[in-house]
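This report covers side-chain pairing and packing in one protein chain. Please keep the structure open while reading.

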Amino acid sequence: MDIAVSVVVPAYNTAAGIVRGIDSLRAQSLPRDRFEVIYVDDGSTDGTGDLLDSELAGEPNFTVVHIANSGWPGRPRNVGVDHARGEYVFFMDDDDRLAPEALERMLRAAERDSADIVIGRVAGFGRTAPREVFQQPMSNGSLRTHPILLSTLTVQKLFRRRFLLDNGLRFAEGRVRLEDHMFMLRAYLATERVSVVHDYTCYHWIRNQGFGNISFAPKEPADFLGSVERLFDIIDDHVEPGAFRDRLIAHWYRSKLLGLFQGRKFLRQDHGRIAEMQEVAADLVRRRVPASAARRVNAITRLRAAALLHGDPGMLRAVAEFESDIAHRTRITGFRWTGPELGVDVESTVVRSSTGRPLEFLREGDRAYWDLPADLLAVPEIKAAAEVGRELPRISLRAFATRSGDPAVLRLPLEPQVHEDPSGDGRFHVRLTGTVRVDTARANHGRPFTGTWCFHTRIDVGGAAHNDPLTEHTPEAEAVRAPAFVHSDLGSRFLNPYWNNDGRLALSDKGSWRPLRRALRTGVPATVTRTPGGLRLEIPLAVQPADTAVPLTLRCVREGRDPITVVGRVAAPERRAEPPRAHGTELPMAVLTATVPTPPARLGTWRVEVGDAGRVTELGPVLAWGPWGWRLSSGPGLRSLARGARRHARGLLGGARARLRGGTRSAGGTSAAAAGAVPPPRPRTEGPAPAADTAPAPVASHER
């Protein structure tokens, strides 16, 4: 069978971790005779080449090519393409890993769409991977119609080999910064057939400590900005003047050229180096960035550009310090289930990370400005760039979910409203409210949520972005947090929102039935009714019921006795009743119903448990015989029931003694039997236990 995919892997001094990548290639679901792997050892000095030779000896679809050290991945990749026999070429780094179905899924997309480039979903481990490009499928994409492609400019992608050869697509060789960007820009401009595998994490992009990832080496400003200018050359050579060219120039102007002057790395530079960087960068901007492209950048980039062109390194640092202080704080204000969809109400405030206090904006007439230090606002061009009135209504607040064990990010629906709250003296701060909608049946690219998911929000204020995990919540939100039974393609499942060990909101279909203990807080009494088949138990739960009844195993357990095991069901209440409420908000409600054979012994109590042999949880109520028949009661209620039974027994004994004495009357004329006895027992109708008996014991906020 012909080779379908050639995987090209440049290798240099990564003996400490290269075997993990090899193992991931060995584990591919694509048959071995359909792909080959070409490792190109770039003159390693730590034994990587020898390790590859010994590790891959005798494996027919693995090849090792040794070359003299070139100092960068470009030449090894070109050599790999020259040796490749496959219809498609995939570029992989030696310290990264492929998921088991990666090659199979990307090849399927390429053949289905006749694609020149296929981008498999990437998950970052210690590195930030693209998000938005993987939120939906893409076929026949191009840079003109899908500008989101600019968010993924690394080369860990599948390419049609004939496409590479016909367009002369080769990597720059030697120590060239941004060589991936140069290659991808030319590739994107040469095709209108880009596809995306959005629903399976294909590539694990790993930042290792002590080896690999040569791109993290320190940047020399002149070399780095020289590579940015080479990108501008490619754009000028291949794109006609106009809006599309301006958009491309603006991308690298914002992300790479002005990106040098933001973040912690920049703030660690000394004054002399900042001055050197500023001089080289400002010259490049004046020569190569037209005003039409410069106008396309966001608000915080315009501010950075104004400080750069002003010429004072101190002002560049001040802008970077201000930008790095922009953050947001999100708190959860409510939960509610609607069928399988969990709604999480959130409120986010733009804050200063250094103080946690709201970030203020200045209002002057109909204009709004960043609250910059006075010496910055005193510079006319910087103040003009600090005007953000048009950007504030468009502040972006997005919600994301990440599954445990897979850091690929899933975007969730959230449509925020922006509020400007006055803070006095012509100032205001910004707050956003909205509801994160988690469709547990379909949110995972049309599939159900499975496993354990954590959540965070990301805000973008005029280009200044910040992530915040969902940890903070109001007492009102905690009061209405409840689990749910939901139906999906996987059948009926129990889903529980909870706070994990890091205090983050998590949603899981794993774990125990312990959340049902907290769900006893309805205030509606549990009941026991005698039926021909035994005792019918009805236990109200603060749980969102599924559309149809869900089976649930229930056991009654007593020391020294065989447990009584039956299958009950959880469903919406059969009779309309006032729904339970917490902090004025309605709680969901379901009823666990089961019929158990009447226990053979009336003395003692039977604990009620739920779950099968692998997941058994003591629910809380106990089934006990008392003076008024069988009751379901919690701990305090059971003690009250026992005290009542003892009083009743003492009353019966006192009455018997009085009758034996012949009915002697007391001084008041009432018989001693009547004086000492309690009221006669009620008929044995298995009625509801007192409401107080159903109150659950307090549980920790992280209980699952």
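## Terms and overall picture

Helices here are DSSP runs of H or I with at least four residues, and they are numbered from the N terminus. The model is predicted. Its protein chain has 19 helices and 33 strands.

Of the 704 residues in the chain, 52% count as buried.

## Salt bridges within one helix

The salt-bridge count comes to 50. E104 pairs with R108, and their closest N and O atoms are 3.4 Å apart. Both residues belong to helix α4 (residues 102-113); they are 4 residues apart, so about one helical turn separates them. E104 is partly exposed, with a relative accessible area of 28%. R108 is partly exposed too, at 45%.

D23 and R26 form another salt bridge, at 3.1 Å from N to O. They lie 3 residues apart in helix α1 (residues 18-26), again about one helical turn. D23 has a relative accessible area of 38%, so it counts as partly exposed. R26 has 22% and is partly exposed as well. An α-helix has 3.6 residues a turn, so residues three or four places apart point the same way.

## A bridge between loops, and a network

Which parts of the chain does the salt bridge between E240 and R144 tie together? The two side chains meet at 3.2 Å, N to O. E240 lies in the loop between α7 and α8, while R144 lies in the loop between β7 (138-141) and β8 (158-160), so the bridge ties together parts 96 residues apart in sequence. E240 is partly exposed at 42% relative accessibility. R144 is partly exposed at 44%.

Other bridges share partners. They join E229, D233, D236, R245, D283, R287 and R288 into one network.

Helix α10 covers residues 271-288, which makes 18 residues. At 1.5 Å a residue it should span 26 Å, and its end C-alpha atoms are 26 Å apart, so the two values agree.

Its buried residues are I274, M277, Q278, A281, A282, L284, V285 and R288. They cover an arc of only 160° around the axis, so they lie on the same side of α10. The other side carries E279 and R286, which are exposed. What covers the buried residues? The cover includes α7 (221-238), α8 (243-257), α9 (263-267), α12 (299-310) and α13 (313-324).

## Aromatic pairs

A pair of aromatic rings is described by the distance of the centres and the angle of the planes. The count comes to 16 aromatic pairs. One of them is F361 with F428. Their ring centres are 5.6 Å apart and their planes are at 20°; stacking requires an angle under 30 degrees, so this pair is stacked. The pair links distant parts of the chain. F361 is in strand β12 (residues 360-364) and F428 is in strand β17 (residues 427-439), 67 residues apart. Both F361 and F428 are buried.

Is the pair of W625 and W630 stacked or edge-to-face? The centres are 5.6 Å apart and the planes are at 70°; an angle over 60 degrees counts as edge-to-face, so the pair is edge-to-face. Are these residues buried or partly exposed? W625 has 21% relative accessibility, so it counts as partly exposed. W630 has a relative accessible area of 0% and is buried.

## An aromatic cluster and charges over rings

F91, F159, F171 and F183 form one aromatic cluster. F171 also has a charged neighbour. R77 lies over the face of F171, at 5.2 Å from the ring centre.

Another charge sits over a tyrosine ring. K383 lies over the face of Y369, at 5.2 Å from the ring centre.

Key
Residues numbered from 1 in each chain as written. Predicted model: local features only at pLDDT ≥ 70, side-chain atom pairs only at ≥ 80, totals over all residues. Heavy atoms only, no water. Phe/Tyr/Trp six-rings, centres within 6.5 Å; stacked < 30°, edge-to-face > 60°. Helix = DSSP H or I, 4+ residues; strand = E, 2+ residues; numbered from the N terminus. Buried < 20%, exposed > 50% of the residue type's maximum accessible area, 1.4 Å probe, protein only. Lys NZ or Arg CZ within 6 Å of the ring centre and 35° of its normal. Expected span 1.5 Å × (residues − 1). Arc of directions from axis to C-beta. Contact = heavy atoms within 4.5 Å. Salt bridge = Lys/Arg side-chain N within 4 Å of Asp/Glu carboxyl O.
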